[in-house]
Amino acid sequence: MEKDSNVGGKTSNTYTGYLGCLLRKCVFATLSVGPIPNHLAFIMDGNRRYAKKHNLKEGAGHNAGFSALMSLLQYCYELGVQYVTVYAFSIDNFKRRPEEVESLMDLMQEKIYKLIEEVSIVDRYGIRICFIGNLKLLKDSVREAAERAMKATAKNSKSVLSVCVAYTSTDEITHAVQESCREKVDAIEQADSYNKEEECMQPSVFSLCTLAGAWVLAFGLGSSEFSARPLVF
């Protein structure tokens, strides 16, 4: 009897899943009639509060947040949203307890590898993953996982998932100013180098003109026939 009950429960769950999937497709088909945004962004916030409210262990809230994110991503790409940005971990988050930061880094590494599994949502919807932020601040193994994910999905072109990590507006502004100054310095150095080359060329041109003039005088080509013609070099 217990075995029959388990089979019945599984069958019921399967039917419920199919019904939910069918209902979602109907809703999405209706929504698709209107304008669909090209880009959506999500801030991963409130995971700890969620865990505390539901009396879950530390870290369980972040796992629940990742599961919710996967569902949201699936819905977005089913609807035809091409670009999704996730604000996952800011530089300010490094100020948390070292044990919590370490736990979050391990969780991030695990979820990155899960994203690039062959049967994951990334393969299903042709998603290219981009990690944005100061990746040098990440744990080495996490940074390597992020780089591997970007490399593995580089050829995907249907949609883009941008994951913001180790970021703050202040850090972004600082890097933007530094990059702008670096480009300006490079341009100035390139211009100086060009000017120096031009200065080096000027004596050679002058010498050429002088030799040409001497040649004309030496061979007696200063007649009216030739003097009426300007020398062009």
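Reply: Contact here means heavy atoms within 4.5 Å. With that cut-off, and not counting residues up to four places away in sequence, Val-84 touches His-39, Leu-40, Phe-42, Leu-73, Cys-76, Tyr-77, Val-160, Leu-161 and Ser-162. Keep in mind that the model is predicted.

Me: What is the make-up of the chain in helices and strands?

Reply: The chain has eight helices and four strands. Their order from the N terminus is α-β-α-α-β-α-α-β-α-β-α-α. The chain has 233 residues, and 27% of them are buried. Of the contacts with a separation of 6 or more, 79% are between residues 24 or more positions apart.

Me: What makes the set of residues around Val-84 a nonpolar core?

Reply: A nonpolar core takes buried residues of the nonpolar kinds, joined through side-chain atoms within 4.5 Å. The largest such set has 33 residues. Val-84, Ile-121, Phe-131 and Leu-161 have the most contacts inside it. Two or more residues come from each of α3, β2, α4, α5 (121-125), β3 (127-132), α6 (140-152) and β4. In soluble globular proteins, nonpolar side chains tend to be buried together.

Me: Why is Tyr-77 called buried?

Reply: Buried means under 20% relative accessible area. Tyr-77 has 8%, so Tyr-77 is buried. This residue lies in helix α3.

Me: Which residues does Tyr-77 touch, leaving out those up to four places away in sequence?

Reply: Tyr-77 touches Gln-82, Val-84, Ile-121, Tyr-125, Ile-127, Ser-159, Val-160 and Leu-161.

Me: Ala-146 is next. Is Ala-146 buried or exposed?

Reply: Buried. The relative accessible area of Ala-146 is 0%, and the cut-off is under 20%, so the label holds. Ala-146 sits in helix α6. Beyond four places in sequence, Ala-146 touches Ile-112 and Phe-131. The C-alpha atoms of Ala-146 and Tyr-113 are separated by 8.6 Å, and the two residues are 33 apart along the chain.

Me: Why is the pair Phe-89 and Phe-94 called edge-to-face?

Reply: A search of the whole structure finds three aromatic pairs. In the pair Phe-89 and Phe-94, the ring centres are 5.0 Å apart and the planes stand at 80°. Pairing needs centres within 6.5 Å, and edge-to-face needs planes over 60 degrees apart.

Me: How do you know which label, buried or partly exposed, goes to Phe-89 and which to Phe-94?

Reply: Set each value against the cut-offs. Phe-89 is at 3%, under 20%, so Phe-89 counts as buried. Phe-94 is at 27%, between 20% and 50%, so Phe-94 is partly exposed.

Me: Where does Phe-89 lie relative to the largest pocket?

Reply: Phe-89 is among the lining residues nearest the pocket's centre, with Met-44, Asn-47, His-62 and Ala-88. The lining has 31 residues, and the pocket has a volume of about 620 Å³. Elements giving two or more residues to the lining are α2 (47-53), α3 (60-79), β2 (83-90), α4 (98-115) and β4 (159-167). By class, 20 lining residues are nonpolar, six are polar and five are charged.

Me: Why does His-62 count as buried?

Reply: The relative accessibility of His-62 is 15%. That is under 20%, so His-62 counts as buried. His-62 is in helix α3. Leaving out residues up to four places away in sequence, His-62 touches Asn-47, Arg-48, Arg-96, Glu-100, Leu-104 and Leu-107.

Me: What is the phi of Asn-55, and what of Ala-166?

Reply: Asn-55 has a positive phi of about 55° although it is not a glycine. Ala-166, also a residue other than glycine, has a positive phi near 50°. Asn-55 is in the loop between α2 and α3, whereas Ala-166 is in strand β4.

Conventions
Residues numbered from 1 in each chain as written. Predicted model: local features only at pLDDT ≥ 70, side-chain atom pairs only at ≥ 80, totals over all residues. Heavy atoms only, no water. Phe/Tyr/Trp six-rings, centres within 6.5 Å; stacked < 30°, edge-to-face > 60°. Buried < 20%, exposed > 50% of the residue type's maximum accessible area, 1.4 Å probe, protein only. 1 Å grid on protein atoms, 1.4 Å probe; cavity = no way out; pocket = protein on both sides within 12 Å on 5 of 7 lines; lining within 4 Å. Points joined across faces, edges and corners; volume = space filled by probe spheres on them. Nonpolar A, V, L, I, M, F, W, Y, C, P; charged D, E, K, R; others polar.
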